[in-house]
Amino acid sequence: MDEKVYLNNEGEYGKYIIQTLQTPPNMYTPEFAKMYEAFSHRILWMDGNVVPGAFQMNTAWYYAVPERDPVFEEHVHDYDELIGFFGSDPENPYDLGAEMEVTINGERHLLNKSSLIFAPAGMPHMRISIKRVDRPMFHFSVVMNPEYKGGAYEK
């Protein structure tokens, strides 16, 4: 076993550690990008283009109600997706600190608690309408595919 300790992403295998935002694929229009930046801050993005062999993951903080409603329309992928929204109060981690409406196959759900959502391949999901943001909420999505293709950013 290697006894040397490498700082952050140094060393031979540091290429598997991403610590700065790699430019996500050009999935959306400049207008959408500007709107997205007004209510969120993307943190890190990984996919097979950033690290060969990786599946796709996106992370962001949502901190305001966006001007566009809904932010995303309901959409479908040919791969599974896991979507998360987490509150930022360490004393009450299940309180989302926000209110948002999401859809799963057309069924509407009002979320005010930290949530994990599984969208199986082929299931319409995630019309997202953010109604209120009292504290920043952490958002992530993971798709079991080397790239995010189609869906949320297309409209």
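I started at Ala98, which lies in strand β4; helices (H or I, at least four residues) and strands (E, at least two) are DSSP runs, numbered from the N terminus. I noted that this is a predicted model, where local features need pLDDT of at least 70, side-chain atom pairs count only at pLDDT 80 or more, and totals for chains, interfaces and linings use all residues. Residues are numbered from 1 along each chain as its sequence is written, and side-chain values use heavy atoms, with hydrogens and water left out.

**Ala98.** Is Ala98 buried or exposed? I have Ala98 down as buried, because its relative accessibility is 1% (buried is under 20% relative accessible area, exposed over 50%, partly exposed in between, with a 1.4 Å probe and protein chains only). Leaving out residues up to four places away in sequence, Ala98 touches Leu111, Asn112, Arg132, Val133, Asp134 and Met137; contact means heavy atoms within 4.5 Å. I also looked up Phe85: it sits 13 residues from Ala98 in sequence and 9.8 Å away, C-alpha to C-alpha.

**Core.** Of its 23 residues, Tyr62, Phe85, Met100, Ile128, Ile130 and Met137 touch the most other members. At least two residues each come from α1 (30–39), β2 (56–62), β3 (81–86), β4 (95–104) and β7 (125–133), and α1 gives the most, five.

**Helix α1.** Which residues of α1 are buried? I found Phe32, Ala33, Met35, Tyr36 and Phe39. They line one face of the helix, because seen down the axis of α1 they fall within an arc of 165°, taken from the directions from the helix axis to the C-beta atoms. Their cover includes β1, β2 and β7. On the face turned away I see the exposed residues Pro30, Glu31, Lys34, Glu37 and Ala38.

**Pocket.** Last, I looked at the lining of the largest pocket, which includes Tyr28, Ala33, Tyr36, Glu37 and Arg42. Both α1 and β1 (40–46) give two or more residues to this lining. I sorted the lining into five nonpolar, three polar and two charged residues (Ala, Val, Leu, Ile, Met, Phe, Trp, Tyr, Cys and Pro count as nonpolar, Asp, Glu, Lys and Arg as charged, the others, Gly among them, as polar). For the pocket, an open set of points on a 1 Å grid over the protein atoms alone, a 1.4 Å probe fits and protein lies on both sides within 12 Å along at least five of seven lines; lining residues have an atom within 4 Å of a point.

Terms used. Core = buried A, V, L, I, M, F, W, Y, C linked by side-chain atoms within 4.5 Å.
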